[in-house]
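Grab a pencil and work through these exercises. Try each task yourself before you read its solution.

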Amino acid sequence: MTTYTTHADALFTAGAPILGTTAQEARDNLVSVTEGDATAPKIASQAMIAPVAGTTETLLTLLGSTGASTTQSAYPDDFERSEPGRSMGFVVLVPGTIRITFDHGTASGTSETRVMQDGSAVQTWTGTAGYTTRTVDLTISVGETITIQNKLNATGPANIRNVFIQSTTANMAVA
Amino acid sequence: MYQKIEYVDEARTKVRCYQSESHVRIVSNKDALAWEQLHSGAFGEIGDYTPLPKPKFADILASWRSSASCDILQLQDAAVDNGFFDDAENLASSGPIKWRIRWESRAGCFVTREMAAPFFKELHKRAKVKKRFDAWFDDLVAWQPEKPME
């Protein structure tokens, strides 16, 4: 691994010559950053390509076309991310905007599906018999937990499928 | 451009922009440029935050009671254990009675309490006489899904 070299400001005094070794170290410093040398500055997540809400790239698929369902009539914990059909989610790694799309509805009766951002509902829809496609474009910040939660109002079960997180740029904004 | 715009929360940190009934854009105050655009009036006045009406627990419970199901054998057993059908043997062997109880033949059959079957009609009738109401039925057997908590 290429070692990172810290340069004193005095090396770059106006009019002073830059030594070949200093220039070489400056070149190698770029390499050491990309290699993650222990003493090199780390790349901030904000420096990565920001996601932009759109449909070009699917960053994450939480549920496919088969989907899942729930007969529960109450939402689980706001931050629950691993109950397919009832509560699915992800954590934001890079700030920007994303598009969340899903189909929801019931076999019969009504359901309710909401999008939670760090524990607060930003959108809630009522599902009816069959499937309806919903879309939320969302401004996201690093570290936020986003969940898509589904519950049954009456009869049921409450179904959800094709839960996608999308962007116009391919990146690793969410996980 | 938007059908409607409104604040998402009471603290006014987010705005919900309806592109259609099924497509919304949520703009946070952390997105300075979009936030400024929305507040410039270019998209119209931003509506006040309107909290979702919280469903009443009684409605949730009524909904659950209408859809929860259980194994009918468990229900029949529980009814007998609670003294509801002390005359079950006589009734089962009396041919003309429509709600004749066929315990074994119903194995694996899941039912809701709203079923109009003769057995349920009789069970409800007897429960009424014994002053056993909905809350008592809630705890009688293992309903699926579980009873919602307030």
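**Exercise 1.** Which residue's side chain is joined to that of Asn150(A) by a polar contact, and at what distance?

*Solution.* First, some ground rules: this is a predicted model, where local features need pLDDT of at least 70, side-chain atom pairs count only at pLDDT 80 or more, and totals for chains, interfaces and linings use all residues. Residues are numbered from 1 along each chain as its sequence is written, chains are lettered from A and ligands numbered from 1 in the order in which they are written, and side-chain values use heavy atoms, leaving out hydrogens and water.

Now look for a polar contact (a pair of N or O atoms within 3.5 Å; within protein, one must be able to donate a hydrogen and the other to accept it, and residues adjacent in sequence count only if both atoms are side-chain atoms). The partner is Thr113(A), at 2.8 Å. The Asn150(A) side chain also reaches the backbone oxygen of Gly85(A), at 3.2 Å.

**Exercise 2.** Is Asn150(A) buried or exposed?

*Solution.* Check the cut-offs: buried means under 20% relative accessible area, exposed over 50%, partly exposed in between (1.4 Å probe, protein chains only). Asn150(A) has 0%, so it's buried.

**Exercise 3.** Work out how Thr106(A) sits in the model.

*Solution.* Start with accessibility: Thr106(A) comes out at 2%, so it counts as buried. Next, follow its side chain, which gets to the backbone oxygen of Ser108(A) at 3.2 Å. Finally, list what Thr106(A) touches (heavy atoms within 4.5 Å): leaving out residues up to four places away in sequence, its contacts include Ser111(A), Pro157(A) and Asn159(A).
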